[in-house]
Structures are given as structure tokens and as C-alpha cells.
Amino acid sequence: KNEPGDFVWLNGVMIFTANSKQWQLSKSSDFFILRGENFKKLAKEVDLQSLNDLPFVLSGNYKDGNIYDFTLEIAGHKITGILTGKSATLKTDILNADLFINKSFLQKFEELSFFTNHPILLPFESGLNIALYANKIIYQDTEYDNFVYSLHKNIQKFSISDSNRGNLLATIKKDNAKYNINIMLNKFLLDRKILPNYATLNLDNTTITAEINLNTIGTIGHDIINNLNGTFDALFAGGDLYGLGFDEFYALAPSITTLNVEERLIRALNSGTTKIKNMHIVGTYDKGNIKTTSPSTLSMKHINASGMLEIKNDNMFVKLDLLLRGISTDHETIAL
């Protein structure tokens, strides 16, 4: 018994149900074409509310349980490949993820996360093996070259190999309700702030080389997010550090006197931006809280710094020892 939108193969004939009527397709040929108003009806066993409702055209040649010359036209995309049993090998020129993601769902995710699994884990529920290749992927209005996605049994992998924006490899392994997440980045460009706006020190427009290992457990999105914990080792190269204003401090050096130096220094320690050379941070992540486990190092044009950093309950705590070069013949660190 089929509901509207369902289709099955029966003795070499596709049976498609629409408007309470059944239609037979491609009775005398292996070729078929199927149109629909909502592609999510093709996988009703998976909760796809995180994706937009999109019309589609699906075609191919069906033979012996396989679909050859598979073509899916959706949201301006043309995805081609082959489906053999429960395995799919697909490719497309450009994959614009922004056209598929339901922004309304993301805005309400904190509330909806009590009723559904995290969207990134939903492919595990499909029971499929998938390999998807795209020459370019667009995510949050940013374009990356050479995207590869794979789903095999209980492992998902995402990779980006972009000569201009760096490399990324993310692996998610599932063991019942437990998940291990490993993310490796090599000179990966982040052209937005890396921390939320509440952070008193923040870094923007930087490249990151890092290894991140996280674990979580749960069957709903809320638990997946709130049970995340693990470790990270990250090196940032270049970028703008918000919260320290030493670029302005040194730019005004010729006008600094014993009368205004204290005021200028206090301003530099409290606000402004500073170009960095590099920053190295090693620490732990535990349910939204971050804590360094060894002294972090920070190198700027005129300054070296080291210290500890902690983010707890959406508050940032920082302790830095700063050495300012060129301000005295007898250098001493500033404890901030």
C-alpha cells in the first residue's frame, strides 16, 4: 500500500502513487523519469525538517535493482551517478548547501533539538553508502574547492582541498548512541570571528592548522551538543586580534611622553585591534567550556605574550604576560 509520493518497483515496472491514483512508468523500457514537489518524500524514514522542501526531477535507467545514468535535478543542481543496491556514487559541479539548509529550522534549533537528532548525524539513519564529489561547495556564502563526502556504515567523512582557503578533513564515527568526531585543518582560512561576541579577546581573518578530537552521546540534538567534550591543539597564523590595541599604541610612539604613556597603555590593554603573527593554543572543550591545559603563546609585531585562557558559562577569563619591545632598555613583562 503506497501513500501519495511513494514509488516502488514491481516486476520491472515502477508504480508511483499520486493524487490517490497509481501510475505505471517505463513499462517497455529501462528508462524512467520521476517528478515531485518535495524530494523529502523519497526518504520519509529520515527526519529531514532541517532541509528545505524542494521540487525535483529524478531519472535514470533501472535494471536488476540498480539505477544507471542516475540524474537528480534539484535547486538548480544536476547531480549524476549510479545507484547499486544501497550504495550511491554521485557527482556535481557545484553544491550550494545554503539552498538546501532550512534557515528557519536552524534559528529554532535550540527548541527543536529536543525533538530531533542533530542534522549532521541524520545520514546515519538512511542505511545507505554514499560517495559524493563536488568541484565546488558553497556554505554560509563562502565557496570552497574540491569537496568530497562519504557515508559508509557508521562513518561519515567530509573533506575540502582548496589551494586558496586550505584543507579540512572531518570524520564522524558512530557506535550506537556514541559519536567520535575528529577534525583536522591545514592552513584553513577563517574569515570571521572564531569566538562569539561575548569573548573579550577574539580573532578574525586568520588561518588555522589544528587537530580537534571530540566525543558525545545522545539520540537528540540537545544531548549531542551538550555532551560534547574533547581536546584541541590549534595554531593560528595571521589575523586581527580584537581586545588589545597595540597597533595604535606603537603607531603613536613618537608622541608618547611620561605624561600620557600610562593613559595610552591602559587604552591598548583594554580595547582596539592588533595584527598577530601567530598564536598557539592547546586545551580542552567540555560542554561549551574551553580551558587551556598549557601556556598559550602569542606573537605580535612588537610584542610576545604567553598565558592561560578559559571560557566558562559564556564568560572569558584571560591571564597574559606581555613583553613590549622597544619601550625600555630594561624590559619587564606586563601582567594582564
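Predicted model: local features only at pLDDT ≥ 70, side-chain atom pairs only at ≥ 80, totals over all residues.
Gln140 is found in the loop between strand 9 (129-139) and strand 10, and its phi is near 50 degrees, a positive value in a residue other than glycine. Most residues other than glycine have a negative phi.

## Lys287 and its loop

Lys287 also belongs to a loop, the one between strand 18 (273-286) and strand 19 (289-292). The backbone of Lys287 has a phi near 55 degrees, which is positive although the residue is not glycine. With a relative accessibility of 52%, Lys287 counts as exposed, because the cut-off for that class is over 50%.

## Aromatic pairs

Six aromatic pairs are found when the whole structure is searched. One of them joins Tyr144 and Phe188, whose rings are stacked, with 5.6 Å from centre to centre and 10 degrees between the planes. This pair links distant parts of the chain, since Tyr144 lies in strand 10 (residues 142-152) and Phe188 in strand 13 (residues 178-190), 44 residues apart. Tyr144 has a relative accessibility of 8% and therefore counts as buried, and Phe188, at 6%, counts as buried too.

What is the arrangement of the rings of Phe249 and Tyr250? Their centres are 5.5 Å apart and their planes stand at 80 degrees, so the pair is edge-to-face, given that planes over 60 degrees apart fall into that class.

## A lysine over a tyrosine ring

A contact of another kind involves Lys193 and Tyr242: the charged end of Lys193 sits over the ring of Tyr242, at 4.5 Å from the centre of that ring.

## The two sides of helix 6

Helix 6 (residues 261-270) has Arg264, Ala268 and Leu269 as its buried residues. Seen down the helix axis, the buried residues of helix 6 fall within an arc of 130 degrees, and therefore they line one face of the helix. On the other side of helix 6, the residues Glu262, Glu263 and Asn270 are exposed.

The buried residues of helix 6 are covered by elements that include helix 5 (246-251), strand 22 (315-324) and strand 23 (334-335). Just after helix 6, Gly272 takes a positive phi of about 100 degrees.

The surroundings of Val46 include residues from elsewhere in the sequence: when neighbours within four places are left aside, Val46 is in contact with Leu122, Glu125 and Ser126. The C-alpha atoms of Val46 and Phe124 are separated by 9.3 Å, although these two residues are 78 residues apart along the chain.

Conventions
Residues numbered from 1 in each chain as written. Heavy atoms only, no water. Phe/Tyr/Trp six-rings, centres within 6.5 Å; stacked < 30°, edge-to-face > 60°. Helix = DSSP H or I, 4+ residues; strand = E, 2+ residues; numbered from the N terminus. Buried < 20%, exposed > 50% of the residue type's maximum accessible area, 1.4 Å probe, protein only. Lys NZ or Arg CZ within 6 Å of the ring centre and 35° of its normal. Arc of directions from axis to C-beta. Contact = heavy atoms within 4.5 Å.
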